[in-house]
Amino acid sequence: MFTNLIYLAVFFPLIGFILNSFLGRKIKSEKVVGIIGSGAVGLAFLISAFSFFEVLALPVDERTIIVTLFQWMKVANLDISFGYQVDPLSLVMSLIVTGVGLLIHVYSIGYMHGDKGFARFFAYLNLFIFMMMNLILADNFVLLFLGWEGVGLCSYLLIGFWYDRKFEKSTTADAAKKAFIVNRIGDFGFLLGMFLIYMTYGSLKFSEVFLFADKIPVPEITLTLITLFLFIGATGKSAQIPLFVWLPDAMAGPTPVSALIHAATMVTAGVYMVSRCSILFIQAETTMMIIAVIGLATAFIAATIGLVQNDIKKVLAYSTVSQLGFMFLALGVGAFTAGIFHLMTHAFFKALLFLGAGSVIHAMHDEQDIRKMGGLKSIMPKTYWTFLAAALAISGIPPLSGFFSKDEILWKSFADGSSILYVIAITTAMMTAFYIFRLFFLTFEGKRRWSEQLHLHESPSVMTVPLIILGVLSVIGGLIGMPALFVGENGNLFASWLAPVFQPALSKITHYGEHSHTTEFLLMILSAGIAVVSIYLARKFYLQNIRPITSLVNNFTKLYKLLLNKYWIDEVYDLLVVNPIKTASEKFLWKVNDVKIIDGFLNGTAAFFDSGSKFIRKIQNGVAQFYALVMVFGIAIILFILFIF
């Protein structure tokens with residue numbers, strides 16, 4: 001019954017958006033506005049949860065249900081319905097989006113208290129959830145694209161929510177525009193992929209396209225082009241090389257926005273889309289290799305940048321880019337379940353890290369530099385302990401959630417990929433544990449580096465309760481995906497749940513790597529050991545003896561500046577792309593094309609008719625004798641012409 005009502009999980013947030021948009025400013029109570037916004041997402045979560053248990057009770061081969069609301073468009077052979085697909089993958093995503101989204105909404109009631117745009121903020125959050133739910137529940141590419149574009153619009157609205165505030169060298173409005181424009185590049189690739197899918201399979205419905213892709217052989221070059229175009233779209237939404245530059249700037253928005261974008265919504269879109277299209281991607285070996293390489297390169301580069309950043313949100317932002325790279329590495333080696341598993345656990349601990357950072361920033365009166373913090377452990381114990389849980393989880397300390405999901409990716413990259421991929425991936429994991437605990441120790445431990453006049457205190461319960469819930473999920477959330485090494489071949493509940501979705505793709509893989517449980521266990525110990533050593537080094541360097549770090553910075557100044565300035569990637573983009581486009585726009589499109597050609601043509605046309613009308617106006621002088629003379633001349637000319645011809 002609830003499965004057939006899944007559209008309510010989509011439209012409840014839309015109702016919340018409408019109510020807070022039109023009535024929010026008239027409702028003077030922040031509490032009521034917050035309840036409307038959070039309640040709408042809470043109801044969506046309940047519908048998703050009930051649908052999950054309903055589908056769980058069904059036989060495995062009956063766990064895909066299409067709920068069609070109405071026919072959307074029909075042009076020639078193109079028949080698109082407004083329908084939703086309820087299956088194990090879309091249910092996992094909807095539980096993540098509405099569950100984590102609900103906690104972020106509740107947290108926002110406390111974080112945004114007193115803000116003049118309180119109602120507008122909740123309206124935008126609800127709209128974001130509505131668009132994301134359309135994206136993940138769509139049963140066709142067109143509706144997915146509607147949600148795809150919708151989350152892009154919402155990110156623009158939310159990143160630039162405080163549009164007049166300064167952000168780095170510009171304003172938050174510029175950061176919002178950057179996110180919007182960069183994503184349009186990826187969206188163009190997505191559109192090309194959709195067009196090619198329709199040309200190849202004659203449909204845009206998932207059920208038909210994926211069935212045809214499974215049964216009908218298609219030239220490899222066609223599949224490669226389709227998947228490459230789709231992956232370009234994914235690099236935009238999920239912030240991968242070369243389109244990752246917008247995500248760190250997304251922290252220009254309020255911290256709950258960062259949590260929502262970085263954990264539960266927009267950045268997961270690319271990972272979800274590639275997973276949804278697994279049957280297409282698995283048949284394009286070149287694309288799969290590119291995905292693995294791009295994902296790993298993104299993970300590694302972002303991790304190196306995270307090592308030296310001093311802004312608490314900037315460290316977490318590059319951490320998100322890096323973790324998304326891990327997910328794409330998993331997808332690239334064909335481990336789709338591992339990619340979605342890490343997406344889920346990452347949603348728990350990354351939302352917790354951002355909300356914990358928000359709690360710190362809230363207490364520190366908007367201070368975000370971790371060099372000016374320290375000693376917050378005793379003042380903010382709830383934030384401290386929950387942040388510690390998330391830091392341990394993302395570092396890969398067993399048996400927390402991040403350990404199982406990240407270790408699954410490391411293992412798959414070794415077993416189904418190559419030892420080179422594994423070495424780079426585990427090096428990246430080592431850096432992750434180091435930079436997260438560098439942030440943790442500088443923020444919560446050691447000496448206080450802030451003024452006692454700030455009168456710091458723990459955040460209110462409306463903010464700390466979501467932290468505690470996310471903390472619990474960060475600790476135990478990975479247990480549903482324990483590997484076969486511990487629970488047997490059929491004991492991995494998460495893999496069993498998603499098996500029907502990915503089975504068609506996995507059946508296409510013709511060669512598997514070695515899957516020795518002994519090797520897996522040894523690599524698992526190595527992974528955990530490296531995380532422990534990284535945490536120890538971070539503690540040693542930043543709490544007990546700062547000299548080694550100072551010495552490293554002094555000896556490798558150029559490298560340090562390179563990482564601190566994010567490889568100068570933004571500056572390179574400005575030099576090679578942004579400035580040439582600006583110059584061409586100004587010098588040619590504006591001064592030549594716009595001013596001289598278009599304006600010149602229009603102004604010339606107006607001048608022609610102006611001159612003509614001035615001449616004709618002289619004829620209309622009101623002198624009757626002149627009119628009679630003209631008439632005589634006219635008659636004479638007509639008679640002359642008749643005589644001649």
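The crossing of helices H6 and H8 is left-handed. This comes from a predicted model. H6 covers residues 172-201 and H8 covers residues 220-237. Their axes come within 7 Å and cross at roughly 150°. An angle over 145 degrees counts as roughly antiparallel, so H6 is roughly antiparallel to H8.

## The whole protein

The protein has 645 residues, and 52% of them count as buried. There are 26 helices and four strands. Along its principal axes, the C-alpha trace spans about 115 × 65 × 55 Å.

How much of the contact comes from residues 24 or more positions apart? Take the contacts with a separation of 6 or more. Residues 24 or more positions apart account for 81% of them.

## More helix pairs

Helices H16 and H18 form another pair. H16 runs over residues 381-395, and H18 runs over residues 419-444. Their axes come within 9 Å and cross at roughly 165°. That makes H16 roughly antiparallel to H18. The crossing of H16 and H18 is left-handed.

Which residues of H16 and H18 meet? On the H16 side they are Thr-383, Tyr-384, Phe-387, Leu-388, Ala-391, Leu-392, Ile-394 and Ser-395. On the H18 side they are Thr-432, Ala-433, Ile-436, Phe-437, Leu-439, Phe-440 and Phe-444. By class, this contact has 12 nonpolar, three polar and no charged residues.

Next come helices H11 and H14. H11 spans residues 268-276, and H14 spans residues 312-332. Their axes come within 10 Å and cross at roughly 5°. Angles under 35 degrees count as roughly parallel, so H11 is roughly parallel to H14. H11 brings Gly-270, Val-271, Val-274 and Ser-275 to the contact. H14 brings Leu-324, Met-327, Phe-328 and Leu-331. Six of the contact residues are nonpolar, two are polar and none is charged.

| Helix pair | Axes come within | Crossing angle |
|---|---|---|
| H6 and H8 | 7 Å | roughly 150° |
| H16 and H18 | 9 Å | roughly 165° |
| H11 and H14 | 10 Å | roughly 5° |

## The nonpolar cores

The largest nonpolar core has 187 residues. Which helix gives the most to this core? Helix H15, residues 336-363, does, with 17 residues. The residues with the most contacts inside the core are Phe-141, Trp-246 and Leu-280.

Look at Phe-141 in detail. Leave out residues up to four places away in sequence. Phe-141 then touches Phe-190, Met-194, Ile-197, Leu-204, Phe-206, Val-209, Phe-210 and Cys-277.

A second, separate core has 20 residues. Among them are Ala-299, Ala-415, Tyr-422 and Ala-429.

## A buried alanine

Ala-263 lies in helix H10, residues 255-264. Is Ala-263 buried or exposed? Its relative accessibility is 0%, so Ala-263 counts as buried. Leaving aside neighbours within four places in sequence, Ala-263 is in contact with Ser-258, Thr-268, Ala-347, Lys-350 and Ala-351. Now compare sequence and space. Ala-263 and Met-344 are 81 residues apart in sequence. In space, they are 8.7 Å apart, C-alpha to C-alpha.

## Backbone exceptions

Most peptide bonds are trans, and most residues other than glycine have a negative phi. Some places in this model go the other way.

Two peptide bonds show the cis form. The bond from Ile-241 to Pro-242 is cis, with omega near 5°. Pro-242 lies in the loop between H8 and helix H9 (246-249). A cis bond also joins Pro-398 and Pro-399, with omega about 0°. Pro-399 is in the loop between H16 and helix H17 (401-417).

His-455 is not a glycine, yet its phi is near 55°. His-455 lies in the loop between H18 and helix H19 (461-476). Its relative accessible area is 62%, so His-455 is exposed. Trp-568 has a positive phi of about 60°. Trp-568 sits in the loop between helix H24 (557-564) and helix H25 (569-619). At 38% relative accessibility, Trp-568 counts as partly exposed.

How values were computed: Residues are numbered from 1 along each chain as its sequence is written. This is a predicted model: local features need pLDDT of at least 70, side-chain atom pairs count only at pLDDT 80 or more; totals for chains, interfaces and linings use all residues. Side-chain values use heavy atoms; hydrogens and water are left out. Axes are lines fitted to C-alpha atoms, for helices over the stretch in contact, and angles run from 0 to 180 degrees between N-to-C directions. Helices (H or I, at least four residues) and strands (E, at least two) are DSSP runs, numbered from the N terminus. Angles under 35 degrees count as roughly parallel, over 145 as roughly antiparallel, 65 to 115 as roughly perpendicular and the rest as oblique. A crossing is left-handed if the near helix is turned anticlockwise from the far one by less than a right angle, and right-handed if clockwise. Contact means heavy atoms within 4.5 Å. Ala, Val, Leu, Ile, Met, Phe, Trp, Tyr, Cys and Pro count as nonpolar, Asp, Glu, Lys and Arg as charged, and the others, Gly among them, as polar. A nonpolar core is a set of buried Ala, Val, Leu, Ile, Met, Phe, Trp, Tyr and Cys residues joined through side-chain atoms within 4.5 Å. Buried means under 20% relative accessible area, exposed over 50%, partly exposed in between (1.4 Å probe, protein chains only).
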